[in-house]
Amino acid sequence: MLLMRSVVAAFVLLLGFGVAELRGQAASARRIAPGVWFLLGDASMGYSNTAVIEMQDYLIVVDANYPARARELMVEVKELSPKPVRYVFDTHAHGDHSYGNSLWTATGATTLAYYKIVAEMDRYEPTRWQAAEAKREDVREMHQVNVQRPLKTFRKSPFVLKDATREVDFLFLGWGHTPADGYVWLPKERVLCAGDAAVNGPRNKLWDANLANWPRALSKAIKLRPLYVLPGHGDAGGIEILEGQRQFLIDLYSAVKEQVDAGKTFGEIHVELPERDRNWVPKDMAWDIEANYTEITHHMPAGAVEHVWK
């Protein structure tokens, strides 16, 4: 009987440990600084990363994400802090960063973005929303005809939120990944949330970009000298993410331009980038090369040329 009780007790303890462990894994939050967390998005689900910033009386969430992830985050964020989410910042208009907007505002949060995001959404929506509906159950379940625009926008950069706890600067540094790229900068902690202006790995989407200007915008971000960089996709790191993203863009643009200047057509262009760019080079570079080729030959940003999202 004593042995049986011991076995049962051990099983209960093991079960309790398993549940606690699973809860911890569900949150999957990495503490970057006191009151600042980074949550890695599940790439297989198309999710972007998320940052949570704790203020004195409320929370800021960076990127609304897809609807299914937004719902997960509402649970996970409560495990980090009991404070309410007051602001949700869309770093740009793409669905994996903004399609959960209406779920957040339904809880009382205010969605926030740089003002040019509205023009981007007006240009491409609801076409992209409808394309996402065809592929994603979570978007279909929203029963919306369009993405909800941010409730609050700013024109002057930086837009600052500050209290006794910390200062949070919302920045626009120029047209890079999209015309409305927003960054979140914590000057005291030297933490930079970069959205998709800087990703960690072969996760770039170039078709809405200004490829010539994007490295210039990243140069401004590098001048902040962040200790921590939280990318829109891929793991968190340091300033090397900004530097590597910038160098990849420069090398790719230069390689394509050199061959365009030599009279080669798109089909004739072949690019091999230096080893330093390996982290950002996808298995198939055709779309990346095509975006650069389009920008160079049209003499305008790739994102300004009529295109279908790829």
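Predicted model: local features only at pLDDT ≥ 70, side-chain atom pairs only at ≥ 80, totals over all residues.
Trainee: Why are H9 and H10 called oblique to each other?

Mentor: Helix H9, residues 239–261, and helix H10, residues 286–298, pack at an angle of about 60 degrees, with their axes 9 Å apart. Roughly parallel would need an angle under 35 degrees, and roughly perpendicular runs from 65 to 115, so H9 and H10 are oblique to each other. The crossing of H9 past H10 is right-handed.

Trainee: Which residues in H9 and H10 meet?

Mentor: From H9 come Phe-248, Leu-252, Tyr-253, Val-256, Lys-257 and Val-260, and they meet Asp-288, Ile-289, Asn-292, Tyr-293, Glu-295, Ile-296 and Thr-297 in H10. Sorted by class, this contact of H9 with H10 holds eight nonpolar, two polar and three charged residues.

Trainee: Which strands each supply at least two residues of the lining of the largest cavity, and which gives the most?

Mentor: Strand E3 (50–54), strand E11 (191–195) and strand E12 (228–231) each supply at least two, and E11 gives the most, with three residues. The lining includes Thr-50, Ala-51, Cys-193, Ala-194, Gly-195 and Leu-230, together with others such as Phe-38 and Asp-63.

Trainee: How is the lining of the largest cavity divided by class?

Mentor: Seven residues of that lining are nonpolar, four are polar and one is charged, where Gly is counted among the polar residues and Cys and Pro as nonpolar.

Terms used:
Residues numbered from 1 in each chain as written. Heavy atoms only, no water. Axes fitted to C-alpha atoms, helices over the stretch in contact; angles between N-to-C directions. Helix = DSSP H or I, 4+ residues; strand = E, 2+ residues; numbered from the N terminus. Parallel < 35°, antiparallel > 145°, perpendicular 65-115°, else oblique. Left-handed = near helix turned anticlockwise from the far one by under 90°. Contact = heavy atoms within 4.5 Å. 1 Å grid on protein atoms, 1.4 Å probe; cavity = no way out; pocket = protein on both sides within 12 Å on 5 of 7 lines; lining within 4 Å.
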